[in-house]
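Here is a friendly walk through the structure for someone meeting it today. Please keep the view open while you read the points below.

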Amino acid sequence: MSARIVLQQADISRALTRIAHEILESNRGAGDLVLLGIPTRGVYLAARLAALLEEFSGQEVPVGSLDITMYRDDLGRIPTRSPRPTSIPAGGIDGKTVILADDVLYSGRTIRAALDALGDIGRPRAVRLATLVDRGHRELPIRPDFVGKNLPSSKSERINVELVEIDGEDRVTIGETL
Amino acid sequence: MRHLLDTRTLSRADALNILDVAEDMADTQLREVKKLPTLRGKTVVNLFFEDSTRTRISFEAAAKRLSADVINFSAKGSSVSKGESLKDTAQTLAAIGADAVVIRHGASGAPHTLAASGWIDAGILNAGDGTHEHPTQALLDAFTMRRRIHGAGASRGRDLDGVHVVIVGDILHSRVARSNVWLLASLGAQVTLVAPPTLLPVGIEGWPATVSYDLDVVLAENPDVVMMLRIQGERMHDAFFPNSREYSRRWGLDDERLARLTGDSIVMHPGPMNRGLEISSGAADSPRSTVLEQVSSGVSVRMAALYLLLSGEREDQR
């Protein structure tokens with residue numbers, strides 16, 4: 001399998017910087033923001049975005065993680081998955097603007113599950129979606145608000161996001177599946 | 001996992017996985033909306049041939065929190081009292097479309113029979129069979145110990161290596177004791193069983209535990225966990241000990257013995273308690289007691305077991 005690098009470390013950090021500015025612009029500052037990453041890699045993206053938001057706005061932004069395993073619609077079709085921890089910042093999400101962070105947006109089913117999970121935790125004022133890569137092929141009426149890179153892809157291709165926190169380096173590759 | 005029948009053959013990795021998933025389930029139980037949509041459309045049958053309140057409602061609460069449909073079946077007042085066999089009952093449940101059967105039965109091995117028979121395709125959870133095993137009770141006990149010893153936030157992935165657990169009482173009839181001995185051994189704990197010689201089973205030498213007849217000697221070793229077992233009045237048909245006063249004096253956890261516990265030692269009891277017999281009210285209500293924590297742990301652990309049994313593509317159906 002030959003994998004082609006589509007985003008290098010510098011591209012990823014530029015994309016996240018831009019997304020952070022876009023979030024501040026659309027939200028008019030960092031007030032009432034809560035960042036929630038979707039495990040596994042969304043959690044690290046959320047943490048990086050939170051750090052950038054704090055750097056640009058001077059205001060601390062609560063960050064947490066939101067596991068969606070228990071809300072998936074394909075639990076009976078895939079091998080059993082172990083849930084990951086969900087951590088909601090102390091202030092909760094009621095009345096806040098929640099930014100969901102994920103690495104790749106594909107069918108939209110993960111985000112559908114995340115919206116259900118959020119509904120059981122509280123009632124945010126608004127929910128926005130930030131994703132590092134949007135590869136298309138949506139199966140649900142869901143669209144991202146903040147995108148690092150649009151990557152039109154074929155369904156037979158595989159997009160692999162690697163982050164330095166778990167994979168040792170930052171890069172996004174695209175390759176054919178076996 | 002296909003079934004949960006005992007802790008003796010449960011691998012250490014599977015046991016830790018259940019305990020870790022139970023941590024996630026426990027987190028969801030702190031939320032405003034406690035219900036998860038995970039097992040929507042699945043049917044769980046509680047098949048209880050023996051009386052039970054807390055285990056049955058705990059399984060019922062666990063299944064309902066995961067959005068499964070629950071059917072309660074108790075032998076009393078059912079076709080079983082008209083003489084229906086386990087096979088016919090199982091096949092009836094299969095025809096109804098049960099995805100999991102939680103079974104409590106007076107005969108040791110009944111859940112194994114159900115799982116191995118081919119009468120029913122559902123996942124089988126043993127909720128206590130005769131004097132054999134009660135795996136979810138042992139798992140909830142281990143979960144409770146792990147949370148008290150490592151702290152609720154820091155328990156994931158941890159075992160009970162080096163933890164000294166004393167189990168006191170009717171070991172002979174206790175499936176809770178058996179399940180705990182096997183599970184605690186695979187989690188690395190050191191187990192001491194304390195009982196009058198008449199309440200110890202034949203063949204106990206082969207268990208991964210040490211045996212003592214003297215509670216005071218064992219308590220002097222400063223155990224981390226003291227687990228008191230219920231004196232099961234319904235099984236006390238022979239003269240296992242002269243009278244309950246004598247039992248209480250030699251093997252009961254009274255206020256005076258409670259006062260001798262030091263450090264962070266905890267007192268456990270699977271319930272229902274005979275206050276004044278195996279445990280005093282002072283011990284049952286002390287800050288060392290985890291009796292109510294065990295009940296809430298029970299719901300989390302059973303949610304984890306139901307999730308692991310009922311979600312996921314089945315290997316034999318691939």
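Predicted model: local features only at pLDDT ≥ 70, side-chain atom pairs only at ≥ 80, totals over all residues.

1. Lys82(B) sits in the loop that runs between E2 and H3 of chain B.

2. Chain B holds an open sheet of 4 strands in the order E2-E1-E3-E4, and the pairing is parallel. At its edges are strand E2 (69-74) and strand E4 (123-129), each of which pairs on one side only. From one strand to the next, the twist averages 15°.

3. **The pairing of E1 and E3.** Look next at strand E1 (residues 43-48) and strand E3 (residues 100-105) of chain B, which run parallel and are joined by 5 bridges.

4. In helix H3 (residues 86-96) of chain B, the buried residues are Thr89(B), Ala90(B) and Leu93(B). They lie on the same side of H3(B), because they cover an arc of only 100° around the axis. What do these buried residues pack against? Their packing partners are E1, E3 and helix H4 (110-117) of chain B. After H3(B) comes Gly97(B), with a positive phi near 100°.

5. **A UniProt binding-site annotation, with Arg104(B) as one of its residues.** An unreviewed UniProt entry lists Arg54(B), Thr55(B), Arg104(B), His134(B), Gln137(B), Gly271(B) and Pro272(B) under "binding site". Of these, Arg104(B) is placed in strand E3 of chain B. Why does Arg104(B) count as buried? The reason is that 26 other C-beta atoms lie within 10 Å of Arg104(B), where 20 or more is the cut-off. Leaving aside residues up to four places away in sequence, Arg104(B) touches Phe48(B), Phe49(B), Glu50(B), Ser52(B), Thr55(B), Ala127(B) and Gly128(B).

6. Pro272(B) counts as exposed because it has 10 C-beta neighbours inside 10 Å. Its peptide bond from Gly271(B) is cis, with omega near -10°.

7. **Another binding-site annotation.** The unreviewed UniProt entry also has a "binding site" annotation that covers Lys82(B), Arg175(B) and Arg230(B). These residues are spread over 149 residues of sequence and also in space, with up to 31.4 Å between C-alpha atoms. Arg230(B) is found in the loop between E8 and helix H8 (244-251) of chain B, and Arg230(B) counts as partly exposed because it has 19 C-beta neighbours inside 10 Å. Which residues does Arg230(B) touch, not counting those up to four places away in sequence? They are Pro270(B), Pro272(B), Met273(B), Asn274(B) and Glu278(B).

8. **Where the chains meet.** Contacts between the chains involve 14 residues of chain B and 15 residues of chain A. On the chain B side, the largest share is the 5 residues from helix H1 (residues 12-28). That side of chain B divides into 5 nonpolar, 4 polar and 5 charged residues.

9. **Backbone spots worth a look.** In chain A, a cis peptide bond joins Pro39(A) and Thr40(A), with omega about 5°; Thr40(A) lies in the loop between strand E2 (33-37) and helix H2 (41-57) of chain A. Asp32(A) is not a glycine, yet its phi is positive, near 55°. Asp32(A) is placed in the loop between helix H1 (9-27) and E2 of chain A, and it counts as partly exposed, with 16 C-beta neighbours inside 10 Å. In chain B, Asn222(B) likewise has a positive phi, about 60°, without being a glycine. The loop that holds Asn222(B) runs between helix H7 (215-219) and strand E8 (225-228) of chain B, and Asn222(B) is exposed, with 12 other C-beta atoms within 10 Å.

Conventions. Residues numbered from 1 in each chain as written. Chains lettered and ligands numbered in written order. Pairing = 2+ DSSP bridges. Helix = DSSP H or I, 4+ residues; strand = E, 2+ residues; numbered from the N terminus. Axes fitted to C-alpha atoms, helices over the stretch in contact; angles between N-to-C directions. UniProt positions renumbered as here; feature names shortened; annotations may be inferred. Contact = placed C-beta atoms within 7 Å. Nonpolar A, V, L, I, M, F, W, Y, C, P; charged D, E, K, R; others polar. Arc of directions from axis to C-beta.
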